[in-house]
Amino acid sequence: MNQRTVTYRMIEAFQAAMLHGGIGAGADALGISQPAMSRLIADLQKSIGFPLFDKSGRTVKPTDEAQALMAKVQQSFLGLEQIVDFSAQLRKQKLGQLSICAIPSIGHSIMPRVVAQLRKKFPDVLISLQVSSYADVARHVKTRQADIGLTADTFSLAGLETVAEFSADCVCIGTAAWLDPCATHVDVEELGQLPFISPTGTFRPRLDAWLRANDVRVDAMAEASLFQSISDLCLEGLGVAVVDRLTGIKHRERGGLTLPLRPSMVYTVYATAMSDTRMSAPARELIRLVAAAHG
């Protein structure tokens, strides 16, 4: 016996009939005629080899097999709907899409502005931005869920390569409660005399090494994992902190004080991609904008 192919439309019709309590109501929900709906259900039954609905007089009830099948459809159909919706989105795009995955220090500072600039230059490109941990950035690029990853760490995973680097000096942030608005910089020794807000993420070892190299011990009054949270704590007047330049710019825009450090401490951002990735025009513009933001 030749087995017919189960189509997405058949499953859609079956789901509508189950959700809306019958073939007629399901047809109305899909905006198709009842005969067309019946044909789809009949074709599905022929394809799978068992009945889905029992007719008793004018009443149609789903079989036990239909109930079991519906449970499985409910698990997977959302994924199908997302694929269909995303495909419809892509059909509207003339130049495709650009998927970006960035660590929080980048994603929460410059990326909203960068995305706005990209949209202005490439209005027909679908731009996707996800903010994740540095490990998730690598995973998303490796599994091709992201075209470009922006992180502060290099990766040794096979197939990943660094396509650009952006370096800038870290800064000290705080408020007038602890920093002199007229100062031109903050000496590292001063950090040992001020209440300090310490990072808990991957930046912490580098910061600790820099402080040790300058023979400075800080008095950590609070700590947080994200630079944005550290900025929030500083704005509440809890102390000072050392963050990357981009977070420092955002901190100043939010009303805080941002000052250079002496001696300097470099923070590098890496743009990563799969080694076989062809850099699209939007991707190249993304890298240019991130480079410009680092000044």
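I began with a term: a salt bridge is a side-chain nitrogen of Lys or Arg within 4 Å of a carboxyl oxygen of Asp or Glu. I also kept in mind that this is a predicted model.

**Entry: salt bridges**

I looked up the total first. By this rule the count comes to nine salt bridges. Side chains of opposite charge can pair when their charged atoms come close.

I took Arg288 and Glu285 as my opening case. Their side chains form a salt bridge, with N to O at 2.8 Å. That is inside the 4 Å cut-off, so the pair counts. I found both residues in helix H12, three residues apart, about one turn of the helix.

Glu285 has 10%, so I noted Glu285 as buried. The cut-off for buried is under 20%. I then saw that Lys121 belongs here too: salt bridges that share partners join Lys121, Glu285 and Arg288 into one network.

Next I checked Arg113 and Glu253. Their side chains meet in a salt bridge of 3.3 Å, N to O. Which parts of the chain does this pair link? Arg113 sits in helix H6 (residues 111-121) and Glu253 in helix H11 (residues 245-253), so I wrote down distant parts of the chain, 140 residues apart. Glu253 is partly exposed, at a relative accessible area of 46%.

I then turned to Arg144 and Asp276. Their salt bridge spans 2.9 Å, N to O. This pair also links distant parts of the chain, 132 residues apart. I placed Arg144 in the loop between helix H7 (134-142) and E5. I placed Asp276 in the loop between strand E13 (266-274) and helix H12 (281-294). Arg144 is partly exposed at 49% relative accessibility. Asp276 is partly exposed, with a relative accessible area of 49%.

**Entry: a charged patch**

I looked for charge on the surface. Asp180, Glu189, Glu190 and Asp215 gather there in a patch of negative charge. Where does Asp180 lie? I found Asp180 in the loop between strand E7 (171-174) and strand E8 (186-187). A patch residue needs over 30% relative accessible area. Asp180 has 45%, so Asp180 passes that cut-off and counts as partly exposed.

I moved on to the strands. Strands of a sheet pair through backbone hydrogen bonds, either parallel or antiparallel.

Strand E3 covers residues 97-102, and five of its six residues are buried. With strand E4 (residues 126-131), E3 pairs in the parallel sense over six bridges. One bridge I followed goes from Leu98 to Ile127 in E4. With strand E5 (residues 148-151), E3 pairs in the parallel sense over three bridges. There I followed Cys101 to its bridge partner Gly149 in E5.

How many residues of strand E9 (residues 195-199) are buried? I noted five of its five. Pro195, Ile197 and Pro199 point one way from E9, while Phe196 and Ser198 point the other way. Both sets are buried.

Five bridges join E9 to strand E10 (residues 219-224), and the two run parallel. I traced Phe196 to its bridge partner Ala220 in E10.

I also looked at Met221, which lies in strand E10. At 55% relative accessibility, Met221 counts as exposed, because the cut-off is over 50%. I compared positions with Leu194: Met221 and Leu194 are 27 residues apart in sequence and 9.5 Å apart in space, C-alpha to C-alpha.

**Entry: the four-stranded sheet**

My last stop was an open sheet of four strands, in the order E8-E12-E7-E11, with mixed pairing. Why is one side of E8 and of E11 left without a neighbour in the sheet? E8 and strand E11 (241-243) stand at the edges, each with a single partner strand, so one side of each has no neighbour there.

E8 pairs with strand E12 (residues 257-262) in the parallel sense, over two bridges.

Technical notes: Residues are numbered from 1 along each chain as its sequence is written. This is a predicted model: local features need pLDDT of at least 70, side-chain atom pairs count only at pLDDT 80 or more; totals for chains, interfaces and linings use all residues. Side-chain values use heavy atoms; hydrogens and water are left out. Patches are made of residues with over 30% relative accessible area and no salt bridge: like charges are joined within 9 Å, nonpolar side chains (Val, Leu, Ile, Met, Phe, Trp, Tyr) within 5 Å. Accessible areas come from the Shrake-Rupley method with a 1.4 Å probe; for residues, only the protein chains shown count as cover. Lys and Arg count as positive and Asp and Glu as negative; His and the chain ends are not counted. The place of a charge is taken as NZ of Lys, CZ of Arg, CG of Asp or CD of Glu. Buried means under 20% relative accessible area, exposed over 50%, partly exposed in between (1.4 Å probe, protein chains only). Two strands pair if DSSP finds at least two bridges between them.
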